[in-house]
Amino acid sequence: MNINQTAKDFSDLSLEPAPSHDDLEHSSGLVLTETEHPLEPQTSVSSQSPEENSVPVAANANFSYHENQQLFDSNCKQMAIDAHTSIVEQPFQYSNSTASIAGINNNDQTTNTDNNNRPTIGNKPRTLSTSAQNTLPEAPRPLWETPPSNSETATNGRNKNTLYKMGMIAEDSTQQVLDDPSPELVDLYTKVQECRDLRNKYQTLSLQNNDQNPKNSATYEVYPSPPKPSYNAETKTVIPVTNLPDSETFDFEACEIPGEDPNWNYSINEDDSYVVFKTENPEEKIAAIPTLRDYYLDLDKMISISSDGPAKSFAFRRLQYLEARWNLYILLNEYQETSVSKRNPHRDFYNVRKVDTHVHHSACMNQKHLLRFIKYKLRHSKNEKVIFRDDKVLTLAEVFQSLNLTGYDLSIDTLDMHAHKDTFHRFDKFNLKYNPIGESRLREIFLKTNNYIKGSYLAEITKQVMSDLENSKYQNCEYRISVYGRSIDEWDKLASWIIDNKVISHNVRWLIQIPRLYDIYKKTGIVANFNDTCKNLFQPLFEVTKNPKSHPKLHVFLQRVIGFDSVDDESKVDRRFHRKYPKPSLWESAQNPPYSYYLYYLYSNLASLNQWRAKRGFNTLVLRPHCGEAGDPEHLVSAYLLAQGISHGILLRKVPFVQYLYYLDQVGIAMSPLSNNALFLTYDKNPFPRYFRRGLNVSLSTDDPLQFSYTREPLIEEYSVAAQIYKLSNVDMCELARNSVIQSGWEAQIKEHWIGEDFEKPGVEGNDVSKTNVPDIRVNYRYDTLSTELELVNHFANFK
Ligand SMILES: [Zn+2]
């Protein structure tokens, strides 16, 4: 029906600037205007009257994003305005809540009857109705008692432990679903499905799904091979093994470097993206990657859908339902969960594997560590020549002389790198915190890989941090390290730094962060146009994929790289100054390209590269940008299409429809509430606990331990603060740790060792409680909730 009309409208869509781009809070219609709904845990969907929710949303919804207001055809408007007649009568959305209300009423009656009758029929057996049995509150059980078995309903031993209580469902609820659904509901679910199909197209074409990555196949060889297990869970014995650190066993000479691929070659297409074609037939491309125009059409389509008033209200309600469902689950099953994890031998929060899914490498050490390192160098290598400044080479002692400082003066306070007080909403100030004592020359000496001493100090301190990680055994980090795109040899220099210094550890993998700094390079004349930056970033990667022997160190380094990150201050305003964005070689203006444009060029080049790498059996790379930390919520739509996962995502709280999509597709979100607290959002307002309850795929990460952390174990500090403020249980923490492993980019064979042989299987089958310490009932609850939600999408979307 109207969706065809809509699609037609979009195909005529020009890339006209949005009228209100400069207004941050309301820059796109995606934003739910009455944003922070204070939702008390016990508030269920049914307790709020529909008027309270949907009418203000519809009234305040920003309909001005595009001129094509046909979207709000009479049906949709009717639904938004006349909430009583249309929303309340939607058959399924309310079936659960009406069912439970009916259930409670019945229950009350029976109880009353029981109460009334009990004195007269004293010897009648006291039975509970099924609904009452399902909502029976649990008492804590001592450890030595076996849990009550559900053997009547369980089919095998595994299922027995996965049944959870969720209240009752009325017997005729299935009947209600089979009735003809309301057209509004069909329309809404169809839109959800369209968005999901779009993401699927982009993800599949760029081979970002885990099962498409050659490194996840069983035969992929990880070198140096991962440490051997030191404990046999079945016999409960310790196996004597000596696991040497990778930095000792790694030998570059032992790496196999494949030769040139004669079958495929690369060039640049009309969008200035790299493409891979058959050598014999240049017309045959390796994959049909969406063009810049396709991408902006898809993006505009998604933005229109997600800024549609009824869609926003609908998604908001689904999210609230998910939260209410979680509250019910936890009320009824908490004791059972706790008792399962108590009975699970050996495992606790401290010895489940966890990954810090978002850390910037140049801030990976804590301040005390950096301070001690600087003092050590000042004491033992003060005459080493370390930096070229003002036409001469300075020794470390001379540098400190020029700063008028001695080693004795140095303290955490003089170092002044903590960002707690004065950086809120000041990303510029935060960036300056990377300079020890506010001095860029100390940053250059100690925190850069490419400097006069070839990054030897940074390598040394990184290896100390890695050694601490290896000793802690259960903590792993995905470090972000910069490639700027200022010159063509950056990749080779970085790879040499890694390989020559053996900055390699089985507890560490790398992501390449690309700062969005084109405007600065342009201003200083390093590049002539945006295409120069793209070329510096990607040409070496295509060269090394065609012929690894051309950049052998880069080839070996890339095996330890997971993917790309896009970083900078998101709160900078993206201005649209062109009717249509020019391609990179014509982008000669001093303006920085917007976030969505940066992300597209990372994506399009990566997609072709991945297709080629997969053909050659090399590991493919994913896109996991910083996104939704500040600025325009549109960034989240770009990332939903293009990226495998994101960091931060706190702005999802303002765009319910997009948040619902992130839930349905379980897009990984690495959240850092401590970092947000210093920069953009105070701890108590952080949406992290809410996302977690709703079942979004969230993990905890540290972002910048150097700026935010006080202890030797920043990741544990992050978990510990979250646990205390948000009242997370041990099971919650273990679930978060499991999420972090699933989100991370380690090879599947290593993940199998960490969280269980079958971790890729859905639901309980994929959970190994002896490794993850997450009870099966929790995993089953998450799985059931998600699959029910997906079933609804399928069911209603197929009515069209
Ligand atoms: Zn970050």
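## A tour of helices, sheet and loops

Select helix α9 (residues 183–205) and helix α24 (residues 634–642): their axes come within 7 Å and cross at roughly 55 degrees. (Angles under 35 degrees count as roughly parallel, over 145 as roughly antiparallel, 65 to 115 as roughly perpendicular, and the rest as oblique.) Axes are lines fitted to C-alpha atoms, for helices over the stretch in contact, with angles from 0 to 180 degrees between N-to-C directions.

Now show the side chains at this crossing. L198, R199 and Y202 of α9 meet Y640, L641 and L642 of α24. Contact requires C-beta atoms, placed from the backbone, to lie within 7 Å. Five of these residues are nonpolar, none is polar and one is charged. (Nonpolar covers Ala, Val, Leu, Ile, Met, Phe, Trp, Tyr, Cys and Pro; charged covers Asp, Glu, Lys and Arg; the others, Gly among them, are polar.)

A word on the model. It is predicted: local features need pLDDT of at least 70, side-chain atom pairs count only at pLDDT 80 or more, and totals for chains, interfaces and linings use all residues. Residues are numbered from 1 along each chain as its sequence is written. Helices (H or I, at least four residues) and strands (E, at least two) are DSSP runs, numbered from the N terminus.

Next, the sheet. Four strands form an open sheet in the order β12-β13-β14-β15, with parallel pairing. β12 (626–627) and β15 (698–700) are at the edges, each with a single partner strand, so one side of each has no neighbour in the sheet. Strands pair if DSSP finds at least two bridges between them. Select β13 (residues 645–648) and β14 (residues 668–671): three bridges join these parallel strands. Zoom to I646, whose bridge partner in β14 is I669.

- Select Y223 and P224. The peptide bond between them is cis, with omega near -10 degrees. P224 lies in the loop between α9 and β1 (231–232).
- Select D391, in the loop between β6 (385–389) and β7 (392–395). Its phi is positive, about 65 degrees, although D391 is not a glycine. Is D391 buried or exposed? D391 counts as exposed, with 5 C-beta neighbours inside 10 Å. (Buried means 20 or more other C-beta atoms within 10 Å, exposed 12 or fewer, partly exposed in between; C-beta atoms are placed from the backbone.)
- Select K502, in the loop between α19 (490–500) and β9 (508–515). K502 has a positive phi near 50 degrees. K502 counts as partly exposed, with 17 C-beta neighbours inside 10 Å.

Key: Two residues are in contact if their C-beta atoms, placed from the backbone, lie within 7 Å.
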